[in-house]
Amino acid sequence: MLRTAEAAGYTDGWPGEVSGHDGFTPVAAAAVHTERMRLGTGVVNVFTRGPAVLAQHAAALQHLSGGRFCLGIGSSSDRIVERWNGIPFQKPLTRVRETIEFLRAALAGERAGPGGFRLEQPPTEPVPIYVAALRERMLQPAGELGDGAFVN
């Protein structure tokens, strides 16, 4: 399907993540079956995976895709975060902002966060970060810190 889509001229593939497959596995499959498509997560949430794990995913997929990966992140919803995963859904704006700041440092090969996390193999190509923003308050960090926004 991915080869057919790419041959037909599709330029991007951005699988989502809710209650089906996770957001990263389809991107990994797409990275090995396509050559030109830009690939991204559309979107994964910042509560169910810590920023270090998100950085690891992003670095691995940027390597695997040859620099075609984009990381789409968002705060998700109280239903998914609290009810389905048992994680308190508190201060989503702060969580997104802090995650982006952590990711920027980690993906650049720098130490990130209070624990000083550092990727062993940071990506050689920058990883664009897109932010899911359904309302004005989330558009602010998306515009200030992100490389783009999802506004669906």
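A residue counts as buried when its relative accessible area is under 20%. Keep that in mind as you tour this predicted model.

**Stop 1: the whole chain.** Show everything as a cartoon and follow the chain from its N terminus: the elements run α-β-α-β-β-α-β-α-α-β-α-β. That makes six helices and six strands. The radius of gyration is 15 Å, close to the 15 Å that the globule rule gives for 152 residues, so the chain is as compact as a globular protein of that length.

**Stop 2: helix α3.** Now select residues 51–64, the 14 residues of helix α3. From its first C-alpha to its last, this helix reaches 20 Å, close to the 20 Å expected at 1.5 Å a residue.

Which residues of α3 are buried? Show side chains for L54, A55, A58, A59, L61 and Q62, and you have them. Next, colour what covers them: the cover includes helices α2 (25–33) and α5 (92–107), along with strands β3 (44–45) and β4 (69–74).

Before moving on, click G66, which follows α3 and has a positive phi, near 70°.

**Stop 3: the surface and the charges.** Buried residues, for their part, make up 40% of the 152 residues.

Finally, colour by charge: there are 15 positive and 15 negative side chains, and the centres of the two sets lie 3 Å apart.

Terms used: Residues numbered from 1 in each chain as written. Predicted model: local features only at pLDDT ≥ 70, side-chain atom pairs only at ≥ 80, totals over all residues. Heavy atoms only, no water. Helix = DSSP H or I, 4+ residues; strand = E, 2+ residues; numbered from the N terminus. Expected span 1.5 Å × (residues − 1). Buried < 20%, exposed > 50% of the residue type's maximum accessible area, 1.4 Å probe, protein only. Contact = heavy atoms within 4.5 Å. Rg over C-alpha atoms; globule rule 2.2 N^0.38 Å. Lys, Arg positive; Asp, Glu negative; His and termini not counted. Charge placed at Lys NZ, Arg CZ, Asp CG, Glu CD.
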